[in-house]
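Biologist: Could we go through this model together? I would like to begin with one residue and its surroundings, and then turn to the whole chain.

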Amino acid sequence: QVQLVESGGGLVQAGGSLRLSCAASGRTINRSPMGWFRQAPGKEREFVSAISWSGSSRYYVDSVKDRFTISRDNAKNTVYLQMNSLKPEDTAVYYCAGSPPTDLSARVSVRTDEYNYWGQGTQVTVSS
């Protein structure tokens, strides 16, 4: 059983930056594709970014490309999301998620049903 705990959320002005962290415990995630999702009030949970276990593949939703960067440190069992040039529309609860382990080093997962463990979320609020 893997537990994921997000941190790093908060209130920031438009144009500012935040770095989210997702710490995993219970077992290693070093063979698991990992992802970030977000959910704004009254909206569906949406995919933000994903990274393969090797870090060789990274994928972003168009709205965050060139602003957000996903990374991971398998030695620390942690995944990060660096968010720059934040906009009010980025306001949401951000969730970290993990997929089952795979031998495919470049595999990324973008659908919620590809993930089987989730964190509790961290609030990101961007003021205009």
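Biologist: Which residues is Ser 32 in contact with, leaving aside its neighbours within four places in sequence?

Modeller: Please note that this is a predicted model. In it, Ser 32 is in contact with Arg 27, Trp 53, Arg 72, Ser 99, Pro 100, Pro 101 and Tyr 117, once its neighbours within four places in sequence are left aside.

Biologist: Is Ser 32 buried or exposed?

Modeller: The relative accessible area of Ser 32 is 0%, and buried means under 20%, so Ser 32 counts as buried.

Biologist: What joins the side chains of Ser 32 and Tyr 117?

Modeller: The two side chains are joined by a polar contact of 3.1 Å.

Biologist: Let us move to Ser 109. Where is Ser 109 found?

Modeller: Ser 109 is in the loop between strand 9 (92-98) and strand 10 (117-118). Its relative accessibility is 1%, so Ser 109 counts as buried under the 20% cut-off.

Biologist: Which side chain does the side chain of Ser 109 make a polar contact with?

Modeller: The partner is the side chain of Ser 99, at 3.1 Å. Ser 99 is also one of the residues in contact with Ser 32.

Biologist: What else does Ser 109 touch, not counting residues up to four places away in sequence?

Modeller: Besides Ser 99, Ser 109 touches Pro 33, Phe 47, Ala 50, Glu 114 and Tyr 115.

Biologist: Now the whole protein. How many helices and strands does it have?

Modeller: The protein has eleven strands and zero helices. The radius of gyration is 14 Å, close to the 14 Å that the globule rule gives for 128 residues, so the protein is as compact as a globular protein of that length.

Biologist: What share of the residues counts as buried?

Modeller: Of the 128 residues, 45% count as buried. The accessible surface of the protein is about 6,400 Å², and carbon and sulfur atoms account for 46% of that surface.

Biologist: And how many positive and negative side chains are there?

Modeller: There are 14 positive and 11 negative side chains, and the centres of the two sets lie 5 Å apart.

Terms used
Residues are numbered from 1 along each chain as its sequence is written. This is a predicted model: local features need pLDDT of at least 70, side-chain atom pairs count only at pLDDT 80 or more; totals for chains, interfaces and linings use all residues. Side-chain values use heavy atoms; hydrogens and water are left out. Buried means under 20% relative accessible area, exposed over 50%, partly exposed in between (1.4 Å probe, protein chains only). A polar contact is a pair of N or O atoms within 3.5 Å; within protein, one must be able to donate a hydrogen and the other to accept it, and residues adjacent in sequence count only if both atoms are side-chain atoms. Contact means heavy atoms within 4.5 Å. Helices (H or I, at least four residues) and strands (E, at least two) are DSSP runs, numbered from the N terminus. The radius of gyration is taken over C-alpha atoms; the globule rule is 2.2 Å times the number of residues to the power 0.38. Accessible areas come from the Shrake-Rupley method with a 1.4 Å probe; for residues, only the protein chains shown count as cover. Lys and Arg count as positive and Asp and Glu as negative; His and the chain ends are not counted. The place of a charge is taken as NZ of Lys, CZ of Arg, CG of Asp or CD of Glu.
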